[in-house]
Amino acid sequence: MRKVGPETGLGADAAGASPLSTVVRVRSLLPSLPPAEARVAQRVIDSPEAVANSTITELAQACGTSETTVIRFCRAIGFSGYPELRLTLATEAGRAQGVTGGRTVGSDISADDTLEQVVEKIAFADARAVEETANQLDIQVLDQVVTAIAAARRVDVYGVGASAYVASDFQQKMHRIGRTSYAWSDAHIMLTSAAVLQSSDVAVGISHTGSTVETIDALSVAKRRGATTVALTNFPRSPIADAADLVLTTAARETTFRSGATASRLAQLTVIDCVFVGIAQRTTGINEHLEATLEAVRVRRVRPERRRR
């Protein structure tokens, strides 16, 4: 199967995702850029307004690189040159000011922040991760993933660390609608499960960084077995994409105190929910499945008369 995933340009066709914000696009491509271009990218991520107000010479000096490198970076992320990048960043900064009312809630969490500021920044990061993930989600790829899973004999989902919880959530949702699915987080079991997959199966690998060795190895084995492979990652050019036929991406930013770990998980769950609902829509007898599973656990809930005691 031909690999399908996000394009490298800033735009998207009408059947795909909405155009990405520049910072989201640069953040997703950062790990794949050469060191000198990566320094320019980091400057754009950290201070987009400062970049918008800088000449190409000033930006090159601030990043310890050359003007030629800045131009190469601009072209790598889909711009014709630096003037277009500056104009786009200025426009997006203006829109962001309107959304946040000029507040800096999008900044990193510091050790000196009050608990009120921590709550505000985490809530902002989580909301932005979900919103930006939805905006950049490629609907055409999403439809292909839903189609493949809806027709699959079984679905194996791989993830370790925080991604393991997302994998488990997907498996639980699939079981509720009568779909055969397994979630694995142990490296050895991931490999042995992948080794018995068939061409009628689907394997899903979940990794925020896209560089988790255990998940990549399992997905690679599944691909060699002929299964359709799907990657869910924040970085479309990361190593996991090489093992995937279809790539779905999130848009979450990690921060010093790991609020980004929460944001990345929420972004992953957003995509998983979209996949699940798409599959549920194509599942015969969906209401009966949901009612049966709800009834099965109803007796495990505290009755109203016991709550009043």
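This is a predicted model: local features need pLDDT of at least 70, side-chain atom pairs count only at pLDDT 80 or more; totals for chains, interfaces and linings use all residues.

Q: How much of the protein chain is made up of buried residues?
A: Of the 309 residues in the protein chain, 46% are buried.

Q: What do contacts say about how far apart in sequence the joined residues are?
A: Take the contacts in the protein chain between residues at least 6 apart in sequence: 70% of them join residues at least 24 apart.

Q: How are two packed helices described?
A: They are described by the angle between their axes and by the distance between those axes. Take helix α1 (residues 22–29) and helix α2 (residues 35–46): their axes come within 9 Å and cross at roughly 140 degrees. That angle makes α1 oblique to α2, since roughly antiparallel would need an angle over 145 degrees.

Q: What is the hand of the crossing of α1 and α2, and which residues meet there?
A: The crossing in which α1 passes α2 is left-handed. On the α1 side the residues are Val-23, Val-26 and Arg-27, and they meet Ala-41, Val-44 and Ile-45 of α2. By type, the residues of this contact of α1 with α2 are five nonpolar, no polar and one charged.

Q: At what angle do helix α10 and helix α11 pack, and how far apart are their axes?
A: Helix α10 (residues 187–194) and helix α11 (residues 213–224) pack at about 10 degrees, and their axes are 8 Å apart. The angle is under 35 degrees, which means that α10 is roughly parallel to α11. The crossing of α10 past α11 is right-handed.

Q: Which residues make the contact of α10 with α11?
A: From α10 come Ala-187, Met-190, Leu-191 and Ala-194, and from α11 come Glu-214, Thr-215, Asp-217, Ala-218, Val-221 and Ala-222. The residues of this contact of α10 with α11 divide into seven nonpolar, one polar and two charged.

Q: Now single residues. Is Leu-29 buried or exposed?
A: Leu-29 lies in helix α1. Its relative accessible area is 1%, and because buried means under 20%, Leu-29 is buried. The C-alpha atom of Leu-29 is 9.2 Å from that of Ala-76, a residue 47 places away along the chain.

Q: Where is Ser-181, and what does its side chain reach?
A: Ser-181 is in strand β2 (residues 181–184). With a relative accessibility of 0%, Ser-181 counts as buried. Its side chain reaches the backbone oxygen of Val-155 at 3.2 Å. Not counting residues up to four places away in sequence, Ser-181 touches Val-155, Val-157, Gln-171, Met-174 and His-175.

Q: Where is Ser-207 found?
A: Ser-207 is in the loop between β3 (202–206) and α11. Ser-207 counts as buried, at 1% relative accessibility.

Q: What does the side chain of Ser-207 lie 2.9 Å from, and which residues is Ser-207 in contact with?
A: A polar atom of the Ser-207 side chain lies 2.9 Å from the backbone nitrogen of Gly-210. Leaving aside neighbours within four places in sequence, Ser-207 is in contact with residues including Ser-163, Thr-212, Leu-232 and Thr-233. Asn-234, Ile-240 and Gln-268 are also in contact with Ser-207.

Key
Residues are numbered from 1 along each chain as its sequence is written. Side-chain values use heavy atoms; hydrogens and water are left out. Helices (H or I, at least four residues) and strands (E, at least two) are DSSP runs, numbered from the N terminus. Buried means under 20% relative accessible area, exposed over 50%, partly exposed in between (1.4 Å probe, protein chains only). A polar contact is a pair of N or O atoms within 3.5 Å; within protein, one must be able to donate a hydrogen and the other to accept it, and residues adjacent in sequence count only if both atoms are side-chain atoms. Contact means heavy atoms within 4.5 Å. Axes are lines fitted to C-alpha atoms, for helices over the stretch in contact, and angles run from 0 to 180 degrees between N-to-C directions. Angles under 35 degrees count as roughly parallel, over 145 as roughly antiparallel, 65 to 115 as roughly perpendicular and the rest as oblique. A crossing is left-handed if the near helix is turned anticlockwise from the far one by less than a right angle, and right-handed if clockwise. Ala, Val, Leu, Ile, Met, Phe, Trp, Tyr, Cys and Pro count as nonpolar, Asp, Glu, Lys and Arg as charged, and the others, Gly among them, as polar.
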